[in-house]
Amino acid sequence: MKKVSLTIISFVIPVAVMFLLACSNSVAPLSPEVEFDGDAVADDMYHVRSKGMFVTLGTDDATAKADERPQMKVSFDYDFDIGSHEVTCGEFNELMQNEYGLVLDCEDKQLPAVNITYYDAVLFANARSKAFAKDTAYTYVKILFDVERHCIGMEGLAFHPEANAFRLPTEAEWSLVAFSAWNPQKSWFSSNSGYRLHPVCTSESSKKGIPCDMAGNAMEWVNDWSGNFKDTVLQNYVGAPDGGGIGKRIVKGGSWRNDASLVNIFSRGDIYTVTSSTRADYVGFRLAYGSIPNPSWMGNDGVISDSRIIPLTNSSSIKSFMGTYKTILAFRNDVTGNLAFIDYSFGNVFVIEIKDTLDSYHPDISPDGGRVAFCTGLEGVSGESSVYVRDLNENGSNLVKLDVESAAIPRWRVLENGDTVIVYVTSSANNKDASAFAQSATWQVKFSDGKFGVPEKLFDGAYHGGVSYDNQLAVTGARLLRARVHGRDTVWYGGEQACNVSLAKDSSKRTLFLDFGGTQGRQFAKKKYSSHEVLLIADSTGKLKKTFTAPIGMTFDHTEWVNDSLVVATLVNDNGAHVQLVALNVVGGTMLNLAEGSELWHPCLWVRHSVKSNEDFVIELDSAGVYLSEFHDVEQSRYRVKMGLYWKNLKTTEVILFGSSRMERGVNPDLYLEWNMLNMAVSGIDPVRDMYFIRNYVFNHSDEIKAIVFSIDLDSWRGLEDHLSLIVSAGPGYVYDMNHNYWADYVPESFLDAVENSYPAEKVVVDAITQRGGFYTPSQSWNPIEILVDSVYSDMEMENLDFRLDHVIETFQMAKEKNIYFIGIIFPLSPEFKNTGSFGPYGLQRSEAQKRIERLDSLDKAEKYFILMDENKMGNHDYSNEMAFDDDHLSSKGAEKMTARLVSILKTLE
């Protein structure tokens with residue numbers, strides 16, 4: 001597989017191994033025959049007469065993957081164009097070399113362009129649109145390239161289905177075409193490809209007038225984010241609205257390395273998660289062209305929508321602007337009336353919407369970032385309102401209501417005695433009428449342990465713009481800018497109309513607000529401006545001190561202080577739509593775009609800064625503990641979590657486990673907590689990676705370590721992948737560790753804090769791994785099996801295999817010197833491999849595998865500190881189907897047996 005280098009550090013980075021997991025080869029008539037003609041925008045495309053047609057995505061096969069079930073019907077009310085073949089290497093280079101400097105290695109210009117990221121394909125589509133003088137289908141804020149000029153990240157990427165442009169086909173479009181061009185038995189697969197790509201349209205299945213290579217040769221990127229299906233009918237379906245917790249993308253079809261009998265139209269990916277930055281030498285793409293009218297998105301929650309909320313910034317940009325990753329943006333989606341939020345504390349940025357029947361206005365996040373208060377009434381509108389508090393998670397759990405007659409516009413604050421309270425007002429109506437305003441009041445109520453306390457009245461008047469910590473200043477807007485100064489009510493800003501009032505959350509007592517192009521504001525700004533075009537800031541006496549002008553063509557709304565220098569606001573377009581949320585640095589005069597959508601209201605931005613250490617030891621926060629950068633793959637993300645667990649459990653870990661996903665899924669440390677095991681294994685088979693971490697981290701902190709457990713994966717120790725470089729290039733923290741001798745002499749407390757607060761992994765990755773590195777895998781079956789490479793290793797591959805085996809044994813010798821036991825596990829594989837010449841899915845002749853196992857067995861007999869657990873026994877093991885996840889991984893049920901056997905060995909050690 002082709003190797004990649006990132007600019008972050010000069011290591012070679014390979015792609016994580018991916019292969020297709022399919023369930024059967026049965027293809028039901030789930031789509032009518034579609035017509036192709038030559039009336040397309042380009043000569044290398046067909047026009048697809050799809051209007052009025054339908055296609056069925058997914059399957060009802062119970063053995064299929066969860067995201068492939070159930071069947072879902074998609075109808076089309078538009079036509080589109082589709083590439084007659086996969087984009088070739090020659091076509092790709094011709095366009096991309098001048099546009100972005102990316103050149104693929106081409107043995108033949110007619111081979112499919114492969115080893116490219118989803119982002120590369122997006123840039124190619126945009127470049128072709130521009131070459132045809134068309135609009136582009138994709139927009140973005142910022143892009144990042146590696147040293148080979150592959151695009152590995154796009155900040156603020158948005159797909160615009162309304163654009164009449166070149167783009168990737170949607171999964172529905174690709175599937176509709178595939179049903180009319182599906183002939184896997186005559187396509188390029190492992191049985192006839194010689195395990196290599198072939199020039200496009202050269203298989204026996206290729207026919208004039210029909211797109212070729214839909215089934216084989218190269219798998220293909222499609223446009224959609226991956227989301228679950230639903231037993232329903234959707235029109236013009238374009239996938240999930242975002243990538244969710246992991247940013248998963250869809251690839252379709254099979255490739256030269258797959259078994260034709262295991263490839264289906266309904267299959268959506270590989271056994272390993274595919275993200276936008278993944279690339280492999282068997283994944284390419286073809287283009288589509290045309291706008292998609294009235295598109296529909298559907299998230300994993302099954303909610304169908306004709307609009308999206310798109311995050312425009314990532315966690316790294318948040319860190320640069322805010323000074324920390326610990327940032328959460330909450331707001332009202334006025335299209336649905338629901339409360340939504342974006343948590344930048346995790347690596348993958350996406351929108352979570354809390355869906356219920358409560359109208360959610362004016363959200364405010366608690367000081368600890370764990371809860372959100374909101375009300376059911378709107379500022380400036382009379383009527384009753386209720387205040388609620390709920391957990392800030394996808395379920396909005398632990399919902400509680402303040403039991404008073406009416407409460408509106410809640411604001412959290414912490415009192416001098418440490419109590420956390422919520423300030424609220426009895427009315428959110430406009431305050432122009434002084435007598436009506438006097439009838440309202442401002443209250444506060446303690447909130448602790450998920451419960452409201454007894455409300456306490458602060459003073460008359462609904463001062464919902466904020467109350468100072470000493471209670472000597474309170475402000476409010478919605479018609480007039482009223483202030484309560486040292487117990488006296490007054491009107492600021494000359495009695496001119498004002499709204500969106502917010503009191504600073506520091507001791508400065510500054511007030512920001514919006515006006516309607518008032519006289520005082522124009523005189524201070526020394527220019528004319530329209531309503532809400534300028535944000536104004538007054539001091540503690542109401543005197544204007546600063547202005548901030550909205551971008552051209554926009555006005556402000558819903559402005560709120562964040563901290564002493566930051567303000568969050570909504571931008572409103574010329575049509576009055578609240579289309580964007582932004583953060584403003586009113587001191588530096590800069591702005592950061594946060595999100596865009598149809599109607600985004602009442603933003604609240606919560607920011608927590610790290611506590612500074614009192615230690616004399618000074619660390620570089622840009623490097624220390626930074627084991628992940630913003631653009632990464634899943635393996636790097638999982639290792640980021642494991643490194644955090646390593647340092648967190650450093651003083652208690654006694655048995656530490658390393659290896660591939662077979663070890664990660666196959667041994668569960670949570671079943672025997674008394675043994676203080678830590679599972680550091682992650683996906684990707686590379687003993688060089690694992691020996692590196694054992695030698696440099698474990699051996700430098702081995703006082704408590706009694707045993708090292710390691711997975712022996714002989715079937716993929718051929719040396720073609722370099723997962724060590726992949727991991728250490730994920731962030732500068734690994735080099736920083738090396739430059740500090742892996743903290744062998746002293747681990748500063750400030751370093752541990754830096755690890756905890758460095759660039760985070762995705763929430764879904766964090767949540768999937770327990771505090772001891774455990775990982776749950778459901779039970780499926782050992783079968784079907786798939787042999788992905790030739791089982792006969794070349795001479796060079798055999799040398800690499802033996803080199804890696806020697807490297808492991810040398811590491812064992814080092815462990816022995818420290819009186820640490822070294823336990824090697826050969827994990828069980830599908831018994832079906834006994835009926836082939838291959839030891840496992842990644843090859844190695846069975847006879848050659850047996851020779852290496854005999855060598856390890858001899859070492860076991862000769863050395864007290866080396867123990868071999870051959871749980872595969874050349875396929876003659878006792879791990880049943882219910883203990884398997886797939887043909888080379890145990891399920892959690894199998895992990896129970898494996899862990900019990902490991903513990904029984906640990907009990908025998910001195």
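Is Cys604 buried or exposed? In this predicted model, Cys604 has a relative accessible area of 6%, and since buried means under 20%, the residue counts as buried.

Two disulfides are present. A disulfide is a covalent bond between the sulfur atoms of two cysteines. With the bonded cysteines counted along the chain, the pattern is 1-2, 3-4. Cys375 takes no part in a disulfide, and the cysteine sulfur nearest to it, that of Cys604, lies 12 Å away. A disulfide requires sulfur atoms within 2.5 Å. Cys375 has a relative accessible area of 0% and is therefore buried. Cys604 is likewise in no disulfide, its nearest cysteine sulfur being that of Cys375 at 12 Å.

One of the disulfides joins Cys89 and Cys106, with 1.8 Å between the sulfur atoms. The torsion about their S-S bond is about -95 degrees, so this disulfide is left-handed. The pair connects distant parts of the chain, 17 residues apart: Cys89 belongs to helix α1 (residues 89-100), while Cys106 sits in the loop between α1 and α2 (118-131). The two ends of the bond can also be described by their accessibility. Cys89 is buried, at 3% relative accessibility, whereas Cys106, at 30%, is partly exposed.

The sulfur atoms of Cys201 and Cys212 are 1.9 Å apart and form a disulfide. This link is left-handed too, with -65 degrees about the S-S bond. Both Cys201 and Cys212 lie in the loop between α3 (171-179) and β13 (219-225), so the bond ties together parts that are eleven residues apart in sequence. Here Cys201 is partly exposed, with 33% relative accessibility, and Cys212 is buried, with 3%.

The strands come next. Strands of a sheet pair through backbone hydrogen bonds, either parallel or antiparallel. Strand β6 (residues 72-75) has pairings of both kinds. With strand β5 (residues 54-57), β6 pairs in the antiparallel sense over four bridges. With strand β14 (residues 233-235), β6 runs parallel and is joined by three bridges.

Another part of the model holds an open sheet of five strands, paired antiparallel in the order β20-β45-β44-β43-β42. The edges are β20 (310-311) and β42 (555-561); each has a single partner strand, so one side of each is left without a neighbour in the sheet. For β20, the pairing with strand β45 (residues 590-596) is antiparallel and consists of two bridges. Within that pairing, Pro311 has Ala595 of β45 as its bridge partner. Helix α4 (residues 315-322) packs on this sheet and touches β43 (566-572), β44 (578-585) and β45, with its direction at about 145 degrees to that of β45.

An α-helix has 3.6 residues a turn, so residues three or four places apart point the same way. Helix α15 (residues 846-862) contains 17 residues and reaches 24 Å from its first C-alpha to its last, close to the 24 Å expected at 1.5 Å a residue. Its buried residues are Arg846, Glu848, Ala849, Arg852, Ile853, Leu856 and Leu859. These cover an arc of only 160 degrees around the axis, which puts them on the same side of α15. They pack against α14 (795-817), β50 (821-826), β51 (838-840), β52 (843-845) and β53 (866-870). On the face turned away from the buried side, α15 carries the exposed residues Lys861 and Ala862.

Helix α16 (residues 892-906) can be read in a similar manner. The buried residues of α16 are Ser892, Gly894, Ala895, Met898, Thr899, Leu902, Val903 and Leu906. They lie on the same side of α16, because the arc they cover around the axis is only 165 degrees.

Notes. Residues numbered from 1 in each chain as written. Predicted model: local features only at pLDDT ≥ 70, side-chain atom pairs only at ≥ 80, totals over all residues. Heavy atoms only, no water. Pairing = 2+ DSSP bridges. Contact = heavy atoms within 4.5 Å. Axes fitted to C-alpha atoms, helices over the stretch in contact; angles between N-to-C directions. Buried < 20%, exposed > 50% of the residue type's maximum accessible area, 1.4 Å probe, protein only. Expected span 1.5 Å × (residues − 1). Arc of directions from axis to C-beta.
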